[in-house]
Structure formats: structure tokens, C-alpha cells
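Dear colleague,

I am handing over the model that we spoke about, and would be grateful if you could look through it alongside the notes below.

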Amino acid sequence: MKVAQQDKIEQLIYSSDLISRDLSWLKFNDRVFDQSTKESRSVFEKLKFLAISASNLDEFFMIRVGSLYNYLDYDKERVDYSGLREEPFKMKLMQESQDFHAKIQSHFQDNLLPSLKDSGFMLSNVRNLLPEEQEYIKEYYYKAVYPMLTPMVFDGYHTFPILMNKLLIFGVVTISPGDKKDNRKLSFVQIPSNIPRFFEIEREDLVIYVPIEEVIRVHIVSLFRNVDIESINLFRITRNGDFTLEESEDMDNNFLEEVKRKLNARKTGRVVRIEIEDGYSKWMVNLLKERWIIKDDSIFTVAKTSMLDFTGLWQVIGNKRFKDKIPPIPDPVPPLSYPDASTEDVFQVLKHQDVLLHHPYNNIDPILDLLEKAAEDPNVMAIKMTIYRLAKDSRITTALLRAVENGKHISVLFEVKARFDEENNMREAKKLQKAGCFVIYGVSNLKTHTKLLLIVKKDEDRVTRYVHLGSGNYNEDTSRLYTDIGLLTTNETLANDVSEFFNVITGHSMPTTYKNLITAPRDMRNQLINFIEDEAENARKGLKCGIFIKVNSLEDSETIYALYRASQAGVPIKLIVRGICCLRPGRVDLSENIEVISIVGDFLEHSRIYHFHNNGDFRTYVGSADMMVRSFDRRLESLFRVESSLLQKQLMNILSFNLRDNVNSYVMQEDGNYVAKHPEDDEEPFNIHREFFHLDSNKVKEVILIE
């Protein structure tokens with residue numbers, strides 16, 4: 001960018017009251033990457049966070065940059081929160097992306113590669129191996145790799161092949177002997193995803209990882225006999241994966257076919273990024289740029305001494321030989337609200353008290369146990385639940401299938417629009433439908449993101465409804481890595497609300513009101529804004545007030561401006577926003593009373609808590625919804641009120657611990673940048689991802705957020 005143009009863009013961005021969603025997302029991924037630079041972490045942890053940040057960046061280009069190209073390619077107007085139109089915003093976005101790409105590449109080469117050998121492994125190309133190891137490689141190539149490779153030429157007789165999203169690809173420029181240079185031909189060799197990323201060689205005290213591209217590179221001549229190879233170019237493309245499903249009201253097989261068609265479109269979506277090794281053929285790249293209508297700022301160069309696609313590092317991280325090199329996650333602890341006798345029947349427990357679960361510190365087993373017992377209990381008549389993402393070999397599916405076998409009525413909403421889980425959800429949904437479950441494949445044009453479970457059980461003299469409401473998916477795998485909150489209860493008020501909400505999801509019902517449930521898309525935004533405005537009114541009256549919110553993302557402009565107004569009225573506002581935050585904190589005369597922190601560490605912060613002081617008459621809500629336009633307008637979401645004093649204190653303590661953290665916490669600045677918090681000279685480190693395993697129930701009861 002020219003300096004004058006760059007200055008103008010920066011001025012526009014800073015003058016806006018809102019921060020760009022996409023620029024904020026890049027700042028979030030920078031915080032993820034920052035975990036890879038921490039000296040306290042092992043090499044394997046550093047590689048893990050590098051792989052996560054690379055995977056995040058892939059998704060960012062597929063979805064967010066892909067969405068931007070939907071506007072650019074079809075000449076649609078788009079004005080970002082930064083105030084920038086499509087083209088200047090793309091320039092800014094690509095500049096930031098190039099800077100981030102250069103930073104992670106430099107970190108890998110300068111800091112990580114030199115330290116690998118001390119940890120018992122190293123990356124190597126073929127020529128640095130021992131002669132006998134090179135023979136192993138050669139045998140592996142001809143037996144296992146060579147038959148899998150298909151060179152695809154592009155010339156006047158062959159159409160341009162479909163190159164797959166996120167695969168490693170060799171672009172090979174060849175010339176037939178005697179031909180002139182203007183008769184060059186370009187062939188592509190895609191490396192199939194089912195070939196391991198590295199060939200592993202075990203020495204006595206060292207594991208050698210040879211990247212698959214290096215195995216192929218030294219033998220690629222076997223695919224191009226009797227022609228001259230001018231250049232061998234390793235690259236990788238990212239395609240637009242953003243689409244909007246245009247679903248009909250009739251959720252039948254046609255709808256499922258529409259989902260499948262859209263999934264296939266991801267394979268042929270427009271190219272939005274090329275990552276390529278340096279020293280590449282300019283002739284080839286110019287051809288690709290013209291073919292895919294992209295500019296130089298979409299070309300990301302990687303040094304040959306580095307590697308393409310850091311997500312491949314998961315093969316190293318997951319090697320069982322190095323299992324003891326990654327600090328283990330502590331064992332889960334019992335929920336504070338659960339009886340000490342762990343063998344007590346969960347149905348009996350819930351008749352007498354509510355149970356608040358805080359994952360991964362508390363196990364997901366109480367939910368799974370409840371569902372599995374319900375499947376076998378002859379007095380259970382019905383089970384209803386929403387499913388957004390499931391674990392592989394899920395106990396949830398197994399329990400539901402067992403329940404159907406036992407003659408119970410089962411209603412399950414499978415959200416087949418859960419991004420990147422569509423195929424798995426359709427497969428699981430069909431399995432349940434075939435067994436006799438009543439399966440709903442989403443609701444109209446809304447994505448069902450709410451997390452609800454309802455079990456109807458006939459007891460001696462009455463029917464009891466057992467309810468689970470939560471912020472996280474019913475997924476045993478992610479429950480060990482994501483922080484989430486769930487409530488198990490037989491509270492009649494919540495049971496009525498949940499029953500009504502299921503009628504909305506599965507039938508044609510429009511309840512007048514819920515008592516302890518706030519739902520989207522109907523009234524969640526307005527209800528939250530009302531709560532914010534009540535705090536502002538209390539501030540003006542000199543009453544106690546305060547807003548504490550923990551979410552994944554804060555992007556909805558209407559609620560942001562409500563928070564600005566509350567800040568101007570004198571309300572202290574503390575926001576814990578892991579990812580995207582479009583609110584600008586600490587700006588004079590706008591948001592002076594707003595503080596924003598982000599927690600990024602060993603666990604992915606996924607829980608949502610909304611706490612309004614309300615002059616001591618607390619309003620505390622938990623649920624599935626972030627403060628985003630899509631959550632309020634295009635999703636079925638729910639927030640549920642927690643009224644039990646003990647459970648309310650637990651939630652307040654979660655907020656309090658988050659605000660105290662000085663190990664995983666980053667403080668957002670007015671300009672949208674973040675500064676890592678560190679313990680002061682007289683402070684002890686306070687790491688919430690460890691502290692929650694050692695909760696003192698007495699201290700929880702004493703927690704105060706507003707003095």
C-alpha cells in the first residue's frame with residue numbers, strides 16, 4: 001500500500017466507534033499464536049498452538065475472506081465497522097494477514113526448528129538421511145506413495161484440473177526435449193490427504209520426521225519420464241467455503257441434498273489464497289493468478305527451510321512416544337453442588353437440588369449417566385434434545401438408539417448446518433431416524449445452536465421433567481478441552497420453559513412469554529438491552545450497578561451502543577471476550593467505564609455468562625448465545641436464568657476468577673490491540689485453568705463482584 005493511502009485507512013479505522021470483526025479476529029488468532037512463544041511451554045505445546053493458529057487461519061480465509069470475495073466478485077456494497085469499503089478493506093486485511101504469516105513462519109524457523117532435537121525428534125529432508133534410511137524412503141515411495149499420485153497436465157488438449165482445497169500440490173513445469181520455452185507445460189500432482197504428513201524413522205534416541213513432500217520431491221521424476229523438468233513448485237490453495245443455505249420450510253430429502261450440494265461447492269469455490277515455496281516459477285504463478293483472478297497480496301511465500309501447512313504438526317504432537325512431554329490435564333473434580341456420595345442415583349439427586357457443571361473441571365459424565373439411565377429406565381417415557389456437534393463414537397447416539405429399542409419416544413434436532421460437521425451430523429441423524437427416532441433437520445432458515453435436553457419420567461405419583469441446559473455441545477471429546485457450563489435441574493419453571501421451546505422447535509408454536517428463558521431470534525437482543533438500560537438507570541439514581549459478561553464474541557452493534565450508553569451513565573462494565581470484540585473500550589466520552597479482557601490458554605473458553613447487578617437483585621443468565629448479529633437474528637438460541645443462591649455464587653466466582661487471571665489474560669486497548677497481563681512484582685501467578693481444579697466452596701460463597 002502507498003504510505004498516504006495506508007495512513008488514510010489507519011485514520012478511518014481508528015476514528016470509528018466500532019472495531020472491525022475481521023481485524024479483531026486476526027488479533028484473536030495472534031493471541032492463540034502467542035501461546036506458542038511462551039518460554040514456560042514445552043516444544044510440543046508450542047507446536048500445538050502453532051498448529052491451532054494455522055488451522056484457525058485456514059478457516060478465516062475460507063469463511064471470512066471468502067465472504068468478502070462474495071461481495072467483491074458480485075459488485076455488492078459492503079461497509080465494514082472500520083468504515084472501509086470492500087477493496088480498501090481487503091487491502092488492509094491482506095496486509096495484516098501477510099504480517100501474521102511472516103511472524104509465524106519466522107517463529108517456526110528461528111525458535112522452534114533449532115530446539116526440536118533436544119526434545120527427541122527432528123525434521124529432515126531425504127538427502128540428510130543415512131544411506132539405509134534413504135533406501136527405506138525409496139521403497140516406501142514406490143510401494144505406498146507412487147501408486148497414489150496422479151499427474152494432471154494443463155495444456156491446449158487438457159482442461160484445467162480441479163485442485164483441492166488445503167492439499168499440498170506440486171506444480172511441475174516441463175518441456176519436451178527440443179521444444180522451445182514457450183511450449184512449456186504445467187502439470188499438477190496433488191498429495192492425497194490419506195497419506196501421512198510425515199514418514200517416521202525411529203533411531204535409538206531420536207525420531208526423524210521426513211515431510212511427505214520431500215519424499216515425493218526426490219522421486220518426482222518418476223512421474224515425468226523423457227521430458228525436461230524446468231521447475232518443481234510446492235503450493236497449497238485455500239478456497240471460499242462461505243455459503244448461505246437457502247432452506248425451504250419443508251425439511252425433507254431435498255433439503256439434505258441441498259446441504260450435500262453446498263458441501264461439494266466447497267471443493268470448487270473460488271481461490272482466496274495461495275501459499276507457495278519461495279523460488280517459484282513466475283510463469284506458473286502468473287498463470288494461476290490469471291486463472292483464479294487474485295492479486296499478489298493473496299500470494300503467501302514460505303521459505304524452503306520452513307514448511308507449508310503447520311496443521312500437519314499434529315502427527316508429531318500426537319506421537320505416543322512423546323506423551324509424557326505434554327503436561328497432563330488434571331483429573332476432573334466433583335461439582336460443588338453435587339453430593340459427596342458419587343454413587344447416588346442422579347435422578348434422586350436432581351429431585352432435591354440443582355447441579356451446576358463447569359467443564360472440563362467437572363466431568364460430563366453426570367449428563368451422560370442421566371441419558372444412559374433414562375434409556376434403560378422403564379419409567380422414562382420421552383427424551384428430547386438438540387444436537388449441534390457430537391464426538392466420534394458418541395455415547396449420546398448409543399444411548400438414544402438404546403432408548404428407541406426400549407420403546408421410548410425420542411425427538412432429536414440435529415443441526416445439519418453446523419459448519420464443518422454437516423456430514424457427520426447427517427450420518428448420525430439418519431442412523432437415529434432409521435431406528436425410529438423423530439428427527440428434525442434444523443428449523444427453517446435458522447441454525448439451532450441452543451443446547452437443551454428434556455427427559456420425561458413417570459414417578460410414583462407424578463411426572464417429573466429432568467432438564468439439562470448448557471453453553472456447550474453434547475460432545476465428550478471437546479468437554480475435556482472447552483470450558484462450558486451446564487445446569488441439571490427438575491425446576492418446574494425451567495422445565496415448562498424448555499417444554500414450550502421444544503414445541504417451537506418441533507412444531508408450530510409461538511409462546512407469549514417464558515419465565516426464566518430468553519430466546520432468539522425473538523427477543524434476546526431486546527431483553528439484554530433492557531437489562532443494560534436498567535443498570536444505566538440505577539447508575540443515574542445513585543444505586544448499585546454493574547455489568548459482567550463473559551462470551552466468545554461481541555459483535556452486535558445495537559448491544560455495543562447500549563453498553564456505551566451505560567458506560568456514559570457511570571455503570572462499571574467488565575467484559576471477558578475470548579475472540580472477536582467489536583467494542584472499543586476506554587475511549588474518552590464513549591466507553592471510559594468499560595474494560596475488556598480475553599482469556600487464551602490451555603482450555604478453549606466457550607462458556608457464556610451474563611450477570612447484571614440490578615441493585616443487589618442479581619440477574620444471572622447462562623446459555624449458548626454470544627452477542628452477535630447471527631446469534632440474535634439467525635439462530636435458535638437460549639439463555640437461562642440461574643436463581644439458586646449457591647449456583648449464582650458459583651457463576652459469580654467464575655467471573656471473578658477470570659478477572660483475576662494474570663497468566664492467560666490479555667487486556668484490550670482502545671486501538672484494538674491487546675497487552676498480555678503478567679503477575680506484578682508482589683503477585684502470585686493466578687492461572688484459572690489450574691485454579692478451578694482447587695475450588696474452596698466456602699470462598700465461593702463469599703464472592704463479591706461489586707463492593
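The notes that follow take up the sheets, the helices packed on them, the nonpolar cores and the aromatic rings.

Please keep in mind that this is a predicted model, in which local features need pLDDT of at least 70 and side-chain atom pairs count only at pLDDT 80 or more, whereas totals for chains, interfaces and linings use all residues. Residues are numbered from 1 along each chain as its sequence is written, and side-chain values use heavy atoms, with hydrogens and water left out.

Sheets

Helices (H or I, at least four residues) and strands (E, at least two) are DSSP runs, numbered from the N terminus, and two strands are taken to pair if DSSP finds at least two bridges between them. On that basis, six strands form an open sheet with mixed pairing, in the order 2-4-3-7-8-9. Strand 2 and strand 9 are its edges, each pairing on one side only, and neighbouring strands of this sheet are turned by 30° against each other on average, direction ignored. Axes here are lines fitted to C-alpha atoms, for helices over the stretch in contact, and angles run from 0 to 180 degrees between N-to-C directions. Strand 2 and strand 4 run antiparallel and are joined by four bridges, with Val189 in strand 4 as the bridge partner of Pro151.

An open sheet of three strands, also with mixed pairing, has the order 1-6-5. Its edge strands are strand 1 (121-123) and strand 5, each of which pairs on one side only, and its neighbouring strands are turned by 20° against each other on average, direction ignored. Strand 1 and strand 6 run parallel and are joined by three bridges; Phe121 stands opposite Val207 in strand 6.

Contact means heavy atoms within 4.5 Å. Helix 3 packs on the six-stranded sheet by touching strand 7, strand 8 and strand 9, and its direction makes about 140° with that of strand 8. Helix 4 (residues 86-112) lies across strand 8 and strand 9, and runs at about 10° to strand 9. In helix 8 (residues 282-292), the buried residues are Met284, Val285, Leu287, Leu288, Lys289 and Trp292, where buried means under 20% relative accessible area, exposed over 50% and partly exposed in between (1.4 Å probe, protein chains only). These buried residues of helix 8 pack against strand 2 (151-154), strand 3 (168-175), strand 4 (185-190), strand 7 (228-239), strand 8 (271-277) and strand 9 (299-302). Just after helix 8, Ile293 takes a positive phi of about 55°.

Ser306 sits in the loop between strand 9 and helix 9 (314-317), and is buried, with a relative accessible area of 13%. Leaving aside residues up to four places away in sequence, Ser306 touches Gln105, Phe108 and Gln109.

Nonpolar cores

A nonpolar core is a set of buried Ala, Val, Leu, Ile, Met, Phe, Trp, Tyr and Cys residues joined through side-chain atoms within 4.5 Å. The largest has 105 residues, of which Leu47, Phe121, Phe235, Ile274, Trp292, Leu575 and Leu583 touch the most other members. Helix 3 (residues 43-73) supplies the largest share of this core, 14 residues. A second, separate core of 47 residues includes Phe548, Ile599, Ile654 and Val703.

Aromatic rings

Rings of Phe, Tyr and Trp (its six-membered ring) pair if their centres lie within 6.5 Å; planes under 30 degrees apart count as stacked, over 60 as edge-to-face and the rest as tilted. By this rule the count comes to 30 aromatic pairs. One of them, Tyr141 with Tyr142, is edge-to-face, at 4.9 Å centre to centre and 85° between the planes; Tyr141 is buried at 0% relative accessibility, whereas Tyr142 is partly exposed at 35%. Phe198 and Tyr209 have ring centres 5.7 Å apart and planes at 75°, so this pair is edge-to-face as well. Because Phe198 lies in strand 5 (residues 198-202) and Tyr209 in strand 6 (residues 207-211), the pair ties together parts that are 11 residues apart in sequence. Ring pairs also link Tyr361, Phe603, Phe657, Phe686, Phe692 and Phe693 into a cluster.

A charge sits over a ring if NZ of Lys or CZ of Arg is within 6 Å of the ring centre and within 35 degrees of the ring normal. Arg273 lies over the face of Phe61, at 4.5 Å from the ring centre, and Arg587 over that of Tyr14, at 4.8 Å.

With best regards
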